[in-house]
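Subject: Structure for you to look at

Hello,

Here is the structure I promised to pass on. Please open it, then read my notes below.

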Amino acid sequence: MPIARCELLDANTVRLVNQHSRTTLREAPLLLMEFHGSPASVKEQAQLVQEIAADNGGDAFEWATTPEARTRLWTARHNAYFAGVQSIPGARAITTDVCVPISHLAEAIGAAIDDANASGIPYFMVGHVGDGNFHMGYLIDPADGAQRARGEQLNQALVERAIAVGGTCTGEHGIGLHKMRFLAAETGDGAVAMMRAIKQALDPHNILNPGKIFSR
């Protein structure tokens, strides 16, 4: 089925969006999908998805075709980050970016939410679940070292779980500074050595974005 977009928000994130945007979305896991094609094919696809969702315990199916109605439904996804960060004055988010095989997606999301709830760290969650990619945002006080440490522990557990099932520490954000320590675990020391050799060959003086991905 040609799905153009497939996004997930958990119940907690929908609640935060309702508070932030004054929407009245049902506070339950929310799956948003967008279909492209002729009016007839889009209608057929939406009806088929509704049947599949109902067969798997989904309900409250709603679909829209006008720009205004689509915008209302997509407001939750577009405002999720700001709804999370602004839910706690002064909070900052430790954002994550794992991707796992679709067959492990539900398990990975459930475990991440359970870990966050057990830690006491507030969170929000959004997922580009059509390709197994999802983001946990751990909300911390940037001046509280203990909170930051717990947030980083949650991120590490999330990444280790993703790698263990054949996933990746970064579905779309890249390695950068925050995920340098996970690169070898995911790709192996040999692959990292090859990447470093290519970087050194192309940038012998280490002037191109130094300190990102590799310390040297």
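Start with Phe82. Phe82 is partly exposed, with a relative accessible area of 45%. Keep in mind that this is a predicted model.

**Aromatic rings**

Tyr81 is partly exposed too, at 39% relative accessibility. How far apart are the ring centres of Tyr81 and Phe82? They are 5.6 Å apart. The planes of these two rings meet at 85°, so the pair is edge-to-face. The cut-off behind that word is an angle over 60 degrees.

Tyr81 also pairs with Phe124. Here the ring centres are 5.8 Å apart. The planes are at 85°, so this pair is edge-to-face as well. Now look at where the two residues sit. Tyr81 is in helix H4 (residues 80–85), and Phe124 is in strand E5. The pair therefore ties together parts that are 43 residues apart in sequence.

Is Phe124 buried or exposed? Phe124 counts as buried, at 4% relative accessibility, because buried means under 20%.

Tyr81, Phe82 and Phe124 make up one aromatic cluster. A search of the whole structure gives 2 aromatic pairs.

**The largest nonpolar core**

This core has 29 residues. Which of them touch the most other members? They are Ile109, Tyr123, Met125, Phe134, Met136, Tyr138 and Leu158.

H5 gives the largest share, 6 residues.

Why does the core lie between domain 2 (89–173) and domain 3 (174–215)? Both domains give residues to this core, so it lies between them.

Take Ile109 as an example. Set aside its neighbours within four places in sequence. Ile109 is then in contact with Leu8, Met125, Val129 and Phe134.

**A second core**

There is also a second, separate core, with 16 residues. Among them are Leu30, Trp74, Ala76 and Val85.

Trp74 has one more feature to find. Arg5 lies over the face of Trp74, at 3.7 Å from the ring centre.

Find each of these places in the viewer as you read.

Best wishes

Technical notes: Residues are numbered from 1 along each chain as its sequence is written. This is a predicted model: local features need pLDDT of at least 70, side-chain atom pairs count only at pLDDT 80 or more; totals for chains, interfaces and linings use all residues. Side-chain values use heavy atoms; hydrogens and water are left out. A nonpolar core is a set of buried Ala, Val, Leu, Ile, Met, Phe, Trp, Tyr and Cys residues joined through side-chain atoms within 4.5 Å. Buried means under 20% relative accessible area, exposed over 50%, partly exposed in between (1.4 Å probe, protein chains only). Helices (H or I, at least four residues) and strands (E, at least two) are DSSP runs, numbered from the N terminus. Domain bounds come from an automatic or database domain assignment. Contact means heavy atoms within 4.5 Å. Rings of Phe, Tyr and Trp (its six-membered ring) pair if their centres lie within 6.5 Å; planes under 30 degrees apart count as stacked, over 60 as edge-to-face and the rest as tilted. A charge sits over a ring if NZ of Lys or CZ of Arg is within 6 Å of the ring centre and within 35 degrees of the ring normal.
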